[in-house]
Structure formats: C-alpha cells, structure tokens
Amino acid sequence: MTESRYDLIVFGATSFVGQILSRYLLETFGVGKQVKWAVAGRSETKLVNLKTDLGQAAKNLDMVIANAEDEASLKAMCDQTRVVVSTVGPYALYGEPLVKVCVESGTDYCDLTGEVQWIRRMIHTYEEKAKQSGARIVHCCGFDSIPSDMGVFFLQEQARETLGKTCGQVKMRVRTAKGEFSGGTVASLMNVAREAASDPALRKELANPFSLCPPDHRSTRRQPNVKSAEYDADFDAWLAPFVMAAINTRIVHRSNAVAGAPYGQEFLYDEAMMTGKGVKGRLAAYGVTAAMGGFLLASAVKPSRWVLERFVVPKPGEGPSRQAQEEGFYDLRFVGKTDDGQLIRTKVTGDQDPGYGSTGKMLGQAAACLAFDVSREERPGGFWTPASIFGNHLLGRLREHAGLTFELLEQR
Ligand SMILES: NC(=O)c1ccc[n+]([C@@H]2O[C@H](COP(=O)([O-])OP(=O)(O)OC[C@H]3O[C@@H](n4cnc5c(N)ncnc54)[C@H](OP(=O)(O)O)[C@@H]3O)[C@@H](O)[C@H]2O)c1
C-alpha cells in the first residue's frame with residue numbers, strides 16, 4: 001500500500017456527534033502534528049461552517065468531500081487515509097457503501113452503530129473479503145458498546161490476576177446515568193423498531209444473544225435477560241430493562257467468541273438498569289419497563305411514529321447542549337462469578353454524558369488505537385469488537401485521555 005496522506009478521516013464530521021468528535025480530536029491532537037487527520041462530509045458549506053465553529057485552531061484542518069451514496073467519492077476518500085471513522089447514520093440506511101469500499105481498499109474503519117441487524121449483515125457479506133484485503137472493521141465504538149465490552153474485559157483481567165481464573169457469569173448494572181438522546185440515535189432506534197415490526201425473521205434474529213457470533217460458537221446455557229421489573233439479590237436492588245443491552249450483550253459475546261472463548265464457552269452475560277431498593281425501587285422498575293415498551297410500540301406503528309418524529313423526539317442534527325454533555329455522567333457496576341462460586345465486583349464510570357460527550361472521546365481514542373496501537377500482524381483483517389482488537393491498549397487510552405475509570409471494588 002502506498003503511504004496515506006492521513007492517519008484518520010472523520011466521515012460525517014458535520015453530524016451532531018461528528019462535531020463533538022472533531023472538537024475532541026482538535027483539542028487532543030491539534031492539526032498537522034503527530035496525528036494527521038481531516039474532516040469529511042457531503043456538504044462543503046457545512047464543513048466550512050464546522051471549521052468556523054471550531055475556531056482559529058482548525059484553520060489548516062483539511063476537508064474531504066464524499067457522499068455515502070457515491071462509491072467513487074468514498075474510494076477517493078479511503079485512498080487518502082489509513083482509518084475512516086464514520087458518524088454517518090442511521091448506518092442501516094447509509095452505512096453499507098462505505099464498509100464495502102473500506103473492505104475492498106483495505107482501509108481500517110470504526111463507527112458508532114448499535115444496529116445489530118445491520119452489523120450482522122455486514123459481517124456475513126464482507127468478512128471474508130476483509131480477511132483478504134487486511135481491512136479491520138470495528139463497529140460499536142461509542143457508549144454502545146465500549147463501556148460494556150471493555151468493562152467485561154477489565155473484570156476478566158482482574159479475575160485472572162486476583163482469582164486465577166475468569167468468570168463464567170458477568171452481570172452489568174447501570175447504577176446511574178445522566179444524558180439525553182440525539183436525533184441520530186433516536187432515528188436509529190426507531191428504524192430498528194419499524195423494521196422489526198414488519199419482519200418476524202428479524203425479530204427472531206434480534207432475540208438471539210449470539211446473533212453476532214461466528215456460527216461455530218456454541219453454547220447450551222440459556223442467557224439471562226431482564227425483560228421486566230425484577231429484584232437482583234447480587235445488587236440488593238430492583239431492575240428494569242436497559243435499552244442498550246440488545247446491542248451490548250451481542251458485542252460482548254462476539255468478543256468472547258472471536259478471541260477463542262477466554263470467558264468460557266458457556267459464558268453468561270446480561271445487562272439491566274438499577275432502579276433502587278424497596279417499594280420505591282420496585283415502582284420505578286415497573287414505570288421504566290412500561291415507558292420503554294410504550295416507546296418501542298409507538299415507534300413500530302406508523303401513525304404514532306409520525307407523531308413521535310414530528311413533535312416529541314429530537315430531529316437529525318439535534319442533541320444535548322455542550323453544558324448538558326459536560327454535566328452528564330454514568331456509573332456502571334459489574335459482578336462476576338466463577339464457576340466454583342468466587343465473586344468479583346468492578347465499576348466503570350464516564351465523566352460526561354454517555355451518548356455524546358463521552359462517546360466522542362471514546363470514538364476518538366478507538367480510532368487512534370486502530371491507527372497507531374494494533375498492527376496487522378497482531379490483529380489482521382476482519383470484523384472485530386473493541387475488546388477483541390484493542391484490549392489493554394484501549395483501556396489505557398480511555399483511562400488517560402477519555403475520562404473513563406475502571407476500578408476493582410471487591411473480590412472473594
Ligand atoms: N453508539 C453510541 O453510543 C452513539 C452515540 C451517538 C450517536 N450514535 C449514532 O451515530 C450516528 C450519528 O448520530 P448523530 O446524532 O450525530 O446524527 P445526525 O446529527 O443526524 O447526523 C447524520 C449525519 O449523516 C450525514 N449524512 C446523511 N446522509 C449522507 C450522505 N448521503 N453522505 C454523507 N453524509 C450523509 C449527515 O450529513 P449532513 O450534515 O451533510 O446532513 C450528518 O452529518 C447515528 O447512527 C447514531 O445512532 C451512536
């Protein structure tokens with residue numbers, strides 16, 4: 001391969017989260033220094049506006065014009081860079097041509113998708129070609145699914161060090177989180193609900209915890225799944241379903257599967273939200289369950305979806321203010337159990353709102369990790385997950401540069 005002009009290009013830099021990512025990269029790496037990067041999108045005017053918003057420091061930031069529907073422009077973009085980081089979504093609507101071109105041109109790629117059905121289709125269609133071309137494709141490099149995937153990776157590393165073995169079961173519980181949704185995320189969620197409503201095969205696929213695992217990855221144990229209000233004695237708290245569990249659990253299982261089952265062939269994993277103790281916690285658990293069910297139902301049915309899109313949810317390009325991002329946070333608790341009854345507790349926190357402030361930083365560090373930390377000898381072409389390709393490299397970057405903490409709380 002000829003030497004690329006850039007280490008990474010942000011495609012979709014004008015999106016809500018793309019702007020946050022671009023600002024983060026600017027503040028972290030500057031322009032034209034050690035990390036060579038550029039912004040890309042379909043509209044030159046919008047890219048110029050973005051540079052103006054970013055201020056004087058972005059004066060020499062290069063722009064690349066590319067349209068998600070025009071393969072020739074995507075190819076010209078890929079030819080200039082080692083890594084493309086894409087925030088053009090919903091990915092199920094706009095994402096495939098870029099994955100195809102990256103795979104064909106051997107360009108590394110990472111993104112923020114949480115759309116299981118689309119990831120599955122990309123793996124099926126392009127994995128063999130990626131292995132041949134050397135392109136490393138890493139989906140889910142935002143709040144879904146880095147804190148979960150890297151949180152389980154961290155817990156298992158700690159278990160190996162302190163207990164001498166990995167845990168056959170891990171539970172992740174969202175203790176607290178503060179943050180809002182953006183237009184792009186809501187559009188992606190509603191798109192999945194709409195597609196699933198009219199497609200029974202897709203509903204079945206979405207219900208399979210191993211839907212992103214290679215077909216030879218087998219497990220005989222039934223995976224736990226919090227679908228309604230329930231009490232969890234391990235945390236002495238009531239639980240409600242967690243909306244991101246549908247993607248995070250699939251990514252964690254894929255991490256285990258592609259690494260040769262280091263967590264165990266029969267590994268159990270689930271996620272839920274803690275709503276508190278006693279009657280108050282119980283009522284909150286039922287309330288959250290009902291609200292979630294209502295939103296998904298309303299997204300699936302045409303008239304109510306129209307009302308939601310028109311009057312309730314943010315439009316594409318909209319999202320939480322900078323102040324709201326900075327005031328946001330999350331606190332995730334993990335408990336792991338070995339098959340012989342030993343127990344370990346860990347904690348993962350983020351210092352900004354999960355979906356945007358923190359996601360922008362995680363995605364930026366994942367892209368840098370792909371460009372600089374993992375060689376193709378170590379991790380060759382194919383479809384990876386954050387934990388399986390980045391491991392300790394990303395753990396270090398998240399702790400040092402992205403405001404995440406990973407902490408061992410207890411082992412016995
Ligand atoms: N995993 C996570 O934690 C997480 C967090 C946040 C967001 N996300 C996902 O990230 C994606 C972006 O979210 P967002 O809220 O930032 O979205 P957004 O503001 O709605 O932006 C969508 C972007 O796609 C671009 N686009 C659309 N069609 C295009 C085309 N044909 N060619 C080139 N660009 C095109 C738009 O370009 P223009 O600016 O030119 O219109 C815009 O930049 C969504 O899929 C969302 O679900 C995931």
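Guide: Cys140 lies in the loop between β6 and α7. The model is predicted, so read every value here as computed from that model. Cys140 has a positive phi, near 65 degrees, and is a residue other than glycine. Its relative accessible area is 0%, so Cys140 counts as buried.

A cis peptide bond joins Asp144 to Ser145, with omega at about 15 degrees.

Another cis peptide bond links Gly89 and Pro90, and its omega is about 0 degrees. Pro90 belongs to the loop between β4 (81–86) and α4 (91–94). Ala261 is not a glycine, yet its phi is positive at about 60 degrees. This residue sits in the loop between α10 (245–258) and β10. Its relative accessibility is 16%, and the cut-off for buried is under 20%, so Ala261 is buried. Within α5 itself (residues 96–105), the buried residues include Leu98, Val99, Val101 and Cys102.

Next, the sheet that contains β10. Seven strands make up this open sheet, and their pairing is mixed. The order is β8-β9-β10-β7-β11-β12-β14. At the edges are β8 (230–232) and β14 (404–411), each pairing on one side only. Neighbouring strands are turned by 35 degrees against each other on average, direction ignored. Strand β10 (residues 268–276) pairs with β7 (residues 169–178) in the parallel sense, over six bridges. Here Lys171 stands opposite Asp270 in β10.

Then the rings. There are seven aromatic pairs. One of them is Phe16 with Tyr356, edge-to-face, at 5.5 Å centre to centre and 75 degrees between the planes. This pair links distant parts of the chain: Phe16 is in helix α1 (residues 16–29), Tyr356 is in helix α14 (residues 354–372), and the two are 340 residues apart. Both Phe16 and Tyr356 are buried. Compare Phe267 and Tyr269: their ring centres are 6.2 Å apart and their planes lie at 15 degrees, so this pair is stacked. Phe267 and Tyr269 are both buried as well. Tyr263 joins Phe267 and Tyr269 in a cluster linked by ring pairs.

The charged end of Arg82 sits over the ring of Phe372, 5.4 Å from its centre. Likewise, the charged end of Arg345 sits over Phe235, 5.5 Å from the ring centre.

Last, the interior. Nonpolar side chains tend to be buried together in soluble globular proteins. In this model, the largest nonpolar core has 105 residues. Phe11, Trp37 and Met77 have the most contacts inside it. Helix α14 gives this core its largest share, nine residues. The core draws at least three residues from each of domain 1 (6–143 + 359–396) and domain 2 (146–354 + 403–411). A second, separate core has eight residues, among them Ala237, Leu239, Met274 and Leu343.

Back to the start, then. Cys140 is buried, its phi is positive, and the loop that holds it runs between β6 and α7.

How values were computed. Residues are numbered from 1 along each chain as its sequence is written. This is a predicted model: local features need pLDDT of at least 70, side-chain atom pairs count only at pLDDT 80 or more; totals for chains, interfaces and linings use all residues. Side-chain values use heavy atoms; hydrogens and water are left out. Two strands pair if DSSP finds at least two bridges between them. Helices (H or I, at least four residues) and strands (E, at least two) are DSSP runs, numbered from the N terminus. Axes are lines fitted to C-alpha atoms, for helices over the stretch in contact, and angles run from 0 to 180 degrees between N-to-C directions. Rings of Phe, Tyr and Trp (its six-membered ring) pair if their centres lie within 6.5 Å; planes under 30 degrees apart count as stacked, over 60 as edge-to-face and the rest as tilted. Buried means under 20% relative accessible area, exposed over 50%, partly exposed in between (1.4 Å probe, protein chains only). A charge sits over a ring if NZ of Lys or CZ of Arg is within 6 Å of the ring centre and within 35 degrees of the ring normal. A nonpolar core is a set of buried Ala, Val, Leu, Ile, Met, Phe, Trp, Tyr and Cys residues joined through side-chain atoms within 4.5 Å. Domain bounds come from an automatic or database domain assignment.
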